[in-house]
Amino acid sequence: MKKSFCIFILLVFLNFSCVYDYDGNLPVSESIPVLNGILYTDSLFSFDLHWSNNLLKKDFEAIRGATVRLKKNGEFVNNIYNTEGKYYLNDTCLNGDKFEVEIDIPGKPTIFSKTAIPQKPDIQINAIELSDEERRAFAYNLSIKNISDDINTLYCFLFLGEYLQDSTLVWEQRSIYCDSPQADVFNRYFDSWAPAGFSYEYENFIRFPSDNLINNKLKTKLAFIGGNAAVRIYVLAATKEFDLYFKGGYLQRSFNPDINLPFTYQPIFLPSNIKGGAGIFAGVDLSLFEFP
Amino acid sequence: MWAKSFLFLFFVVNVMVVFSQKTVKIYGVVSDAKTDERLQAATIKNNTDLSNSTTSNFYGYYLLIVPSSTNVNIEVSFVGYQTQFFYLNLKKDTLLDINLSPGVKLKEFTVSAPKTRNTRRQIGQLELSEDAIRWAPAFAGENNIMLALKAMPGVSAGKEGSSELFVRGGSHDQNLILLDKIPVYNLNHAFGLLSVFNSSALKNVSLFKGAIPAVYGGRLSSVLDISVKEGNRKKYDGDVSISTIASTFTVEGPVIKDKASFLVSARRSWPDILIRGMSNNNNGGLVLGYYFMDINAKTNFSINKKHHFYFSGYLGKDMFFAVNKEEDQESSMNQGWGNKMISMRYQSISENSSFNDVLLYFSSYNEFDENWINASDINISNKNGSNLGEFGFKLSKEFSGGSYVKYKFGLNGLHRIIQQPEKEIEDDNVNNQTVKKPEVIQKEISGYASAHFLSGNFGLQIGLRSNFYNSGISEMPLFEPRLSFLYKINKSFSIKAGAMRNSQSVFAMPKSTLGMPGYTWLPTSGKVKTQTSWQISHGISFNRKKFGLDVEVYYKKLENIIGNYMYPSSLYQSTQWFDIIDQGRGKAVGIDFLSTYNSDEFSFNLKYSLSKTLHSFPTVLNGKWIPADYDIRNDLVVMCNWILQEKNDKKKWITGKFSAHSGRPISMPVQSIKSFFPVLSNEHYSFDFTFLDYYRKPNNIRLNTFHRLDLGIHFQKKQIKGERTWSVGILNVYNRKNPYSIYKNQSGEFKQVVLFPIMPFVAFNKSF
């Protein structure tokens with residue numbers, strides 16, 4: 001409904017508003033170092049370093065040979081390797097691990113950041129029957145409890161695997177249907193063609209902020225429309241720094257004047273936890289559920 | 001320092017009182033002879049002593065002190081009315097109510113300051129005539145008082161088409177908006193494209209942007225004092241207006257002739273009624289719409305010439321709605337906001353001729369968005385909202401201290417309840433949840449005293465206001481000195497100066513819900529400090545025949561101002577507002593020009609402001625000064641009115657408005673940065689997250705220079721009862737593509753939104 005609602009308002013304003021190519025000057029600035037390090041539970045510790053680029057460019061030069069000092073749980077670790085701007089440690093990230101990183105690049109201020117990997121919540125996802133004669137739709141019960149205080153938000157992603165004619169399995173991201181009042185509504189749309197028992201479609205993912213949860217528990221139903229050769233559901237437990245950066249980045253990139261009202265556009269300053277540069281250094285806990 | 005200066009000036013004024021001769025008082029109210037509507041700012045002048053004059057106050061009350069047992073010639077004048085003369089020789093205080101008859105109307109259709117050429121103009125004060133609002137070219141033909149105010153010097157143009165006012169470097173929430181002295185917390189209909197004030201019901205509009213009198217307080221930057229008509233006490237009349245988006249009707253008349261009257265004015269947008277009429281959703285389907293409405297109602301009653309009662313009310317509302325009915329379920333989504341106000345006023349003139357005013361009021365603002373679904377197996381509702389309610393009283397007394405001195409004293413109190421943004425979720429399948437923050441209660445008591453000295457070429461107002469806030473806001477009373485000075489060098493030329501301090505205990509935070517803009521009012525309490533400001537200003541005025549020029553310079557300093565430059569509200573849930581509050585400081589400096597020319601056929605008004613407004617927040621570039629969102633350096637508006645034909649019962653005239661100003665500052669990214677995409681291993685995504693935008697600082701670039709020409713033509717015909725007027729016109733005549741905002745699309749290209757290309761309008765008005 002939100003989409004229809006926005007389209008209605010847009011039509012009203014389109015009577016007198018127009019969109020043109022920007023004909024003013026673009027601001028210029030020198031390149032800055034950008035650190036991207038998402039630390040997943042049970043994965044290799046790694047991050048990458050790149051230079052930023054001109055506003056209209058999408059390719060980024062790697063920063064090689066930076067001096068990295070890393071502290072894990074308060075103690076320095078030395079075995080940092082790097083190749084083509086990717087820096088990694090031969091060590092696996094575990095729930096509760098704390099990291100601090102300092103990076104020296106000649107001619108630039110020292111980069112500093114720190115994060116921790118949140119505890120794993122107790123997650124259960126079960127397929128359930130969905131009687132929908134009009135659509136090929138599937139549903140799941142999602143239950144999450146033991147959500148620790150270091151988790152700011154839970155994200156839920158769904159991917160659908162379908163076989164091509166040559167028997168290759170291809171994974172596609174799908175919108176998720178969910179009617180939980182505990183979800184953040186910012187990417188929610190009313191869908192009059194939703195699966196039976198559902199009304200709201202979440203574009204790309206669902207965000208459940210922890211302050212929407214009751215007694216730190218979440219119980220809801222999810223659904224999608226499409227084939228069911230294979231389904232992957234990810235639940236990502238995010239720290240506050242990841243949540244703000246990810247939602248900020250998504251808001252930046254998802255603004256679409258064909259759907260959103262052009263005059264509601266707001267510049268999004270990415271809330272970064274990198275001092276001396278840009279980017280993100282954040283721990284997350286990721287749980288994967290595969291069906292069938 | 002300020003306290004000493006204040007005491008010294010107070011002493012000087014009182015010494016002058018002591019040496020005055022034996023006198024009598026002439027007092028009463030000045031009103032319109034046809035309607036009994038009271039006239040503000042009429043001039044009452046003693047022609048036998050040119051240094052002795054006064055003006056009627058907001059309620060038409062005046063007090064003039066003249067020598068007893070002496071022949072005096074009193075002249076009473078007001079623009080658009082026939083001047084009256086009284087030849088008096090009085091031995092005792094006398095009540096004299098004056099009724100002025102409408103006469104030859106001067107063609108003052110735009111900003112007029114002063115309203116009469118003989119009135120002394122206080123520094124920083126401007127008045128707007130009814131015609132300036134009513135006949136200016138306007139969006140959809142629906143006149144907008146806020147756009148008319150933006151044609152005044154010192155009022156920044158802000159965003160194109162928006163109703164928010166930015167006065168001398170102040171933000172939109174730093175203006176005290178009063179409707180019949182009751183604070184108004186929401187100005188916007190239709191997201192600011194229109195204002196909540198229905199011009200059919202308005203009588204006076206005064207803007208104080210510097211040297212604000214001590215009677216006003218509670219906001220940092222300006223006071224917009226709007227009064228509603230009282231209602232015709234002589235006969236029934238009214239008018240009906242239809243624009244391309246709304247209809248308005250106003251009716252007024254006597255309840256008891258010459259004793260009591262009423263006024264009701266209502267306005268409602270009508271496109272949603274058409275949409276609802278055309279869509280039959282009884283059988284299901286989606287219905288979408290938007291409407292706004294407002295109602296002004298007022299009644300008054302005079303017990304006798306000295307005792308008057310007034311009751312007034314206002315209701316305004318905006319609502320977006322979407323209702324979807326299907327066979328097995330029904331859902332709805334609504335977003336709305338609105339104001340409610342109600343007041344009771346008692347005015348009296350005491351035996352000693354002092355003027356007393358008692359006002360009790362309630363004012364509220366609420367905003368919400370909600371959606372719900374009802375079906376056989378699901379019942380869910382989700383509601384977010386906030387509200388503000390204010391109960392208050394205002395007591396004031398105005399009396400004479402001699403021929404040249406008037407005193408004003410008053411006491412104001414308020415009890416404000418602010419429900420911070422809250423979220424209520426109900427689900428039959430899950431426990432209900434409410435994220436509710438406690439109500440914040442603010443109590444304020446303010447006392448003020450001011451002395452107004454007026455003699456010949458010299459005018460002085462000194463005042464002191466002190467605000468006592470309840471604990472948690474400010475432990476100590478805040479003192480606010482006010483000073484206004486004027487000296488007339490000769491018949492045409494005068495100089496003036498003023499200074500003021502102000503404080504503010506509430507602020508408006510922008511919010512974005514369901515992709516729609518809006519704001520919510522929040523308290524300065526706990527860790528959020530009370531905002532304060534100082535302003536000094538100086539100026540000159542020149543008036544000769546049909547030409548007028550007014551120039552003022554000012555400097556303003558603001559402390560503890562509230563902003564959130566780094567994090568847009570959409571990044572947070574509205575209930576987490578306190579996370580994005582940032583307090584800093586601001587400064588503004590500028591020079592305001594206002595030039596006017598008024599002849600019988602042609603009038604014009606030129607406003608030019610050169611100004612600079614900077615903000616500094618600890619979280620933004622370690623406190624470096626950055627341009628404020630509404631920092632518009634050069635701002636020019638020319639308005640003109642040309643009567644093409646005026647004979648018999650027909651009148652035809654053209655109104656025009658040309659605006660040009662520097663581009664507004666906006667935030668643009670400076671670099672493109674690599675993102676951490678893919679988020680999850682090597683899945684295929686529906687959105688591109690490979691690159692993001694990096695912003696270095698807010699407001700780092702300006703939009704292109706803005707300019708636009710609006711023209712309107714009006715055809716008026718007198719009929720047996722009243723007049724009918726057709727107005728047609730074009731906004732943005734030469735289709736200038738003024739950018740409203742810049743955004744980066746999903747392909748990484750920068751685009752600019754133009755909100756107002758060339759646009760016609762038509763409106764119809766019929767008075768009866």
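I began with the lining of the second largest cavity: helix H2 (130-134), helix H3 (145-149), strand S39 (634-647), strand S40 (650-661) and strand S45 (706-718) of chain B each supply at least two of its residues. Helices (H or I, at least four residues) and strands (E, at least two) are DSSP runs, numbered from the N terminus. I note that this is a predicted model, in which local features need pLDDT of at least 70, side-chain atom pairs count only at pLDDT 80 or more, and totals for chains, interfaces and linings use all residues. Residues are numbered from 1 along each chain as its sequence is written, chains are lettered from A and ligands numbered from 1 in the order in which they are written, and side-chain values use heavy atoms, with hydrogens and water left out.

**The cavity**

On a 1 Å grid over the protein atoms alone, a cavity is a set of points where a 1.4 Å probe fits but cannot get out, and lining residues have an atom within 4 Å of a point. Grid points are joined across faces, edges and corners, and a volume is the space filled by probe spheres set on the points. I get 15 cavities of 30 Å³ or more.

Which residues lie nearest its centre? I find Leu147(B), Gly161(B), Lys657(B), Ser659(B) and Arg708(B), out of 28 lining residues. By class, the lining has 15 nonpolar, six polar and seven charged residues. Here Ala, Val, Leu, Ile, Met, Phe, Trp, Tyr, Cys and Pro count as nonpolar, Asp, Glu, Lys and Arg as charged, and the others, Gly among them, as polar.

**Strands around S39(B)**

I followed S39(B) to its partners. Two strands pair if DSSP finds at least two bridges between them. Strand S37 (residues 602-616) of chain B runs antiparallel to S39(B), with nine bridges. Twelve bridges join S39(B) to S40(B), also antiparallel. Met639(B) stands opposite Asn605(B) on one side and opposite Lys657(B) in S40(B). S39(B) and S40(B) form a hairpin with two residues between them. In that turn, Asn648(B) has a positive phi of about 50 degrees.

**A five-stranded sheet**

I then looked up an open sheet in chain B, ordered S9-S16-S17-S12-S13, with mixed pairing. Strands S9 (125-128) and S13 (182-183) stand at the edges with a single partner strand each, so one side of each has no neighbour in the sheet. Four bridges join S9(B) to the antiparallel S16 (residues 202-208) of chain B. Leu126(B) has Leu207(B) as its bridge partner there.

**Asn300(B)**

Is Asn300(B) buried or exposed? I find it buried, with a relative accessible area of 3%; buried means under 20% (1.4 Å probe, protein chains only). Asn300(B) sits in strand S21 (residues 285-304) of chain B. Leaving aside neighbours within four places in sequence, its contacts (heavy atoms within 4.5 Å) include Glu230(B), Arg233(B) and Tyr310(B).

**Both chains**

Chain A has two helices and 20 strands; chain B has four helices and 49 strands. Of the 292 residues of chain A, 57% are buried. For chain B, the share is 62% of 768 residues. The C-alpha atoms of chain A fill a box of roughly 65 × 50 × 50 Å, taken along the principal axes.

Notes
1 Å grid on protein atoms, 1.4 Å probe; cavity = no way out; pocket = protein on both sides within 12 Å on 5 of 7 lines; lining within 4 Å. Buried < 20%, exposed > 50% of the residue type's maximum accessible area, 1.4 Å probe, protein only.
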